[in-house]
Amino acid sequence: AALAERMADELPENYFTAILRGVADCLSQVKDTPPAIAFLQVVQLLRRVGRLPNRPCGRWVAYLIEKWKAQDWPDDIIDMVAWYAINDPDPEKELWKTPAGSGQFYYGGDPHHAGINSARGSVAGAVAQLLFEKPSRFARLKDVVHSLSHDRSVAVRACAIEALLPLLNFDSTTAIDWFKECVVLDPVLYSGHLVEHFLHYAVERDYAGVRPVLEAMLGSSSEKVLAASAGQICVAALDDEAARPDADRVHSGTPPMRKAAADVYSTNIAHKVVGATCRSLLKPFFSD
């Protein structure tokens, strides 16, 4: 970290990213064991990297901040994260849509995988952690979360949902509104695991708010997307009257929808609160 202060700006970017990665990984995983480097030195390293021409290294700045959990980051470091999220040019194109040869696509054709390997996409994870740890940071990061969830790149939006998750704890209306605006860009976003993760918590807070997304997913040609939506609807209907008409549609829907319903009910037959309801709802599926 001290060496980085003496390194010339003209040195290759990967010299600086190597130091960022090393410092990120030197935080001990053993409880009550002090790190091998003082927190102030970590902050100074980030400031040094932030002064580089054209401000490269955004992906690894985000990686370091994500690894160093529960730190009292100064405002200028928070602002640095914000700059990368809004202004970093990476990604410039949708690499997950680009043929890599032999009939394959880069990152396996997965926009989320492409996003976390880009600067703007990787920042979403750091922003999520910063907000989970201290919701008061939202005043400083609100424009960042909005920018990520409305990014021009599908790959970045696939990652941006992670930055919306902490908002469910203190501003669920904004989180759900931006979530709907985020995923509407491309139906491929419905297949991301973060969508199902977000819906799992959002249906408890505002089923009507996320219902348009669930409806759109039920119309998908992807069995994975169908099952994710159907399952969330059935879970919601166990204690939310507003979801029950939709659950009835799932019960009489396509085989992937009915299978998702059976999965939900069979998983919860021993639940202390909804177990009896699940046992009753499961029975008709034995003669499907």
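Buried means under 20% relative accessible area, exposed means over 50%, and partly exposed lies in between. Keep those cut-offs in mind. The model is predicted.

**Stop 1: isoleucine 78**

Select isoleucine 78. It sits in helix α5, residues 75-87. Is isoleucine 78 buried or exposed? Its relative accessibility is 3%, so it counts as buried. Now show its neighbours. Leaving out residues up to four places away in sequence, isoleucine 78 touches Trp73, Leu130, Arg137, Arg140 and Leu141.

**Stop 2: the largest nonpolar core**

Select Leu64, Trp73, Val127 and Phe198. The largest nonpolar core has 97 residues, and these four touch the most other members. Colour helix α9, residues 154-164, as well: with nine residues, it gives the most to this core. Then zoom in on leucine 64. Beyond four places away in sequence, its contacts are Leu20, Val23, Ala24, Val42, Leu45, Leu46 and Trp73.

**Stop 3**

How many salt bridges does a search of the whole structure find? The search finds 16. Begin with arginine 47 and aspartate 76, whose closest N and O atoms are 2.7 Å apart. This pair links distant parts of the chain: arginine 47 is in helix α3 (residues 39-50), aspartate 76 is in helix α5, and 29 residues separate them. Arginine 47 has 31% relative accessibility, so it counts as partly exposed. Aspartate 76, at 33%, is partly exposed.

Move on to arginine 140 and aspartate 79. They form a salt bridge with closest N and O atoms 2.8 Å apart. Here helix α8 (residues 138-149) supplies the arginine and helix α5 the aspartate, 61 residues apart. Arginine 140 is partly exposed at 40%, and aspartate 79 is partly exposed at 34%.

**Stop 4: a salt-bridge network**

Select arginine 249 and glutamate 215. Their closest N and O atoms are 2.5 Å apart, in another salt bridge. Arginine 249 lies in helix α14 (residues 244-251) and glutamate 215 in helix α12 (residues 207-218), 34 residues apart. Which residues make up the network here? Salt bridges with shared partners join Arg211, Glu215, Asp246 and Arg249 into one network.

How values were computed. Residues numbered from 1 in each chain as written. Predicted model: local features only at pLDDT ≥ 70, side-chain atom pairs only at ≥ 80, totals over all residues. Heavy atoms only, no water. Helix = DSSP H or I, 4+ residues; strand = E, 2+ residues; numbered from the N terminus. Buried < 20%, exposed > 50% of the residue type's maximum accessible area, 1.4 Å probe, protein only. Contact = heavy atoms within 4.5 Å. Core = buried A, V, L, I, M, F, W, Y, C linked by side-chain atoms within 4.5 Å. Salt bridge = Lys/Arg side-chain N within 4 Å of Asp/Glu carboxyl O.
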